[in-house]
Amino acid sequence: MLGKFFQPPGEEDKNRVPPGQHLAKGFPVLTYGATPQVSIEEWEFSVWGLVQPATFTWADFMELPQHEFSADFHCVTRWSKLDVKWTGIKVTDFIKLITIDAKAAHIMEHCYGGYTTNISLPDFLREENFFAVKLFGEPLPPEHGGPLRLVVPHLYAWKSAKWINGLEFLEREEFGFWERNGYHRRGEPWAEERYSSM
Ligand SMILES: Nc1nc2c(c(=O)[nH]1)N[C@H]1C(S)=C(S)[C@@H](COP(=O)(O)O)O[C@H]1N2
Ligand SMILES: [Mo]
């Protein structure tokens, strides 16, 4: 298996591949459960909790500026893919549309299909995070999270919620799906924050 689908990083990529990771050939799909089918007509995105509650349509998101991103992608199951090309909307542009309560310190990411994952507010608000709507120039395929997913390049990819449709703002940290099942609360790949020691 290792030789067929994965390879160790070459010299030039070594300093870009976190410890314990191999480079994937292609772009594997990693989903727990079925792929939700969501059309852009019915698609909605909501914010609630310690924020002024609001709901946005696809058209609302399409009014925000779009940028090209190149980001390395690290799955905790030990594969990485370098230089994934995405098009999307910066988190820092989206959050200008909402009013976050000063008490909010954590977020629960919610998705079509019921997946959840938690992230701290500072990890979420980083300049390099974005909502992807295209992958390698094509509309984001459903299996990779289309029509829209979050990408958080500096954390393991289970924080990059596919089919994301909501942000719940919290004062205290709560655990999402994988975090309740033993994954690390934060998931920083360079520190190999894979699993919780609790
Ligand atoms: N909604 C949802 N988002 C998800 C997942 C999932 O199962 N459901 N899997 C996560 C994991 S573990 C990884 S590695 C990446 C995989 O993204 P990909 O399938 O586009 O490679 O999505 C993350 N986001
Ligand atoms: Mo993953």
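The model is predicted: local features need pLDDT of at least 70, side-chain atom pairs count only at pLDDT 80 or more, and totals for chains, interfaces and linings use all residues. Residues are numbered from 1 along each chain as its sequence is written.

**Stop 1: the sheet.** Select the five strands of the open sheet, in the order E4-E3-E12-E7-E8. Strands (E, at least two residues) and helices (H or I, at least four) are DSSP runs, numbered from the N terminus. Pairing here is mixed; two strands pair if DSSP finds at least two bridges between them. Now colour the edges: strand E4 (54–57) and strand E8 (116–120) each pair on one side only.

Next, show strand E7 (residues 106–111) beside E8. Five bridges join them, and they run antiparallel. Pick His106: its bridge partner in E8 is Ser120.

**Stop 2: the largest pocket.** A pocket is an open set of points on a 1 Å grid over the protein atoms alone, where a 1.4 Å probe fits, with protein on both sides within 12 Å along at least five of seven lines; lining residues have an atom within 4 Å of a point. Select Leu30, Thr31, Tyr32, Tyr115 and Lys162, the closest to the centre among 30 lining residues.

Stop 3: Select Ile40, Trp58, Pro139, Leu140 and Pro147. Of 14 lining residues, these lie nearest the centre. Helix H2 (58–62) and strand E9 (130–135) each give two or more residues to this lining.

Terms used: Chains are lettered from A and ligands numbered from 1 in the order in which they are written. Side-chain values use heavy atoms; hydrogens and water are left out.
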